[in-house]
Amino acid sequence: MPFTRVQPCSDGVAAIAEIVADGALKAGGRATQRCAELITASVGALAVLMVGSCTTALELSALLLDLRPGDEVIMPSFGYASAANAFVLRGAVPVFVDILPGTFGLDPLAVRAAITPRTRAIVPVHYAGVAAELDTLQTIASEHDLAIVEDAAQGLGASYAGRPLGAIGALGAFSFDATKNLTCGAGGALVVSDPGLVERAEWLRDCGTDRAGFLRGHKSRYEWVEVGTNAALNELAAAYLVPQLERLDQLTAARVELWNRYHELLAPLEADGLLGRPIVPAGAVHNGHAYVVTLRSAQERAGVIERLASAGVQATFHFVPLHSAPAGLRYGRTAGDLQRTDDLAARLLRLPLWNGMPLEAVDRVAGALRPAISDGDLRVWSAS
């Protein structure tokens, strides 16, 4: 049982063939425009820019915030390096703070304690498609005049208090790489909800030119107006993505069904103190991106991964905390005690979940998990 598998999109293949036959390969064509329209409609954003990756979207966010060397950006240590890199490239300092158990989202209390006069932004990660505590984070951001940049790489199709993830902060970033709910191999989207940033975001994406205004007929020519980069998504990748975006609700519902099956089948293991199941807070609607459990120790996790592999089930760990990584020590700083981050990251286990996975496969994984754990220490344990 593989941990992940990319389900081929035949409609996407046909769309690519049509684009190639038409010779319409230039970025920003009809497929890219359709992707942006579909995401804009789904999340209710002011503007969506299709870009080459979620990393690119985060790097554009850092540029849009006009960060300067020494500025600080608060983010979880439990996340991918892309977010930290995006701000370090501007000379800013990532300030790593602790996470909450169950959701693995930013701890608002830790965020508040980490704010200094140099703080410019808060970057919540919506881990596994489960929203961070955005109401509290938005309150903190408003009190200190900070921007919120949502790292919603895993969050398309999820929401918080009725608001789609990615479009709640001033800026948001989605990913469409091979491990995400929807994929075109490599791709991303920058979501802009601050009206003051839309035009400049287009400039930055288009090599620092005002080409977008020219294409809309607002200018007779376009020229270099800003320092930017060639960030637009490849048109072939966009064509492959369109049919998936058109079926976003259907694909999300299928993944949530798998997630719910795991949650039901693993409840007895949690009741027996063998593992902790994920938590979805009241008001949050997740997208079934991943099913994650926490085991009792790092040593037990290693054994469980090995025993599951022997049973033909591939399970895996996830992020290694950034604050103790070589680059994290060099470019960032830690605010407060990150003991929870270190502890949870060491015990976290991701189970197989992918588009097209049959429910019977979930039954098989869940059935293999109890003996894989029971071969180890059976001390009663609490997920907190």
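**Close-up views of a predicted model**

**View 1. Arg200 and Glu226 form a salt bridge in which the closest N and O atoms are 2.6 Å apart.** A salt bridge here is a side-chain nitrogen of Lys or Arg within 4 Å of a carboxyl oxygen of Asp or Glu. The pair links distant parts of the chain, with Arg200 in helix H7 (residues 198-205) and Glu226 in the loop between helix H8 (211-215) and H9, 26 residues apart; helices (H or I, at least four residues) and strands (E, at least two) are DSSP runs, numbered from the N terminus. Arg200 counts as buried at 18% relative accessibility, where buried means under 20% relative accessible area, exposed over 50% and partly exposed in between (1.4 Å probe, protein chains only). This is a predicted model, in which local features need pLDDT of at least 70 and side-chain atom pairs count only at pLDDT 80 or more, whereas totals for chains, interfaces and linings use all residues. Residues are numbered from 1 along each chain as its sequence is written, and side-chain values use heavy atoms, with hydrogens and water left out.

**View 2. Arg112 and Glu143 meet through their side chains in a salt bridge (2.7 Å, N to O).** Because Arg112 lies in helix H5 (residues 108-114) and Glu143 in helix H6 (residues 134-144), the pair ties together parts that are 31 residues apart in sequence. Arg112 is partly exposed, with a relative accessible area of 37%, and Glu143 is also partly exposed, at 48% relative accessibility.

**View 3. Phe78 and Phe319 form an aromatic pair, one of eight in the structure.** Rings of Phe, Tyr and Trp (its six-membered ring) pair if their centres lie within 6.5 Å, and planes under 30 degrees apart count as stacked, over 60 as edge-to-face and the rest as tilted. The ring centres of Phe78 and Phe319 are 5.2 Å apart and their planes stand at 75°, so the pair is edge-to-face. Both Phe78 and Phe319 are buried, and together with Phe104 and Tyr127 they form one aromatic cluster.

**View 4. Tyr262 and Tyr291 form a stacked aromatic pair, 5.2 Å centre to centre with 25° between the planes.** Tyr262 lies in helix H10 (residues 248-265) and Tyr291 in strand E11 (residues 291-294), so the pair ties together parts that are 29 residues apart in sequence. Both Tyr262 and Tyr291 are buried.
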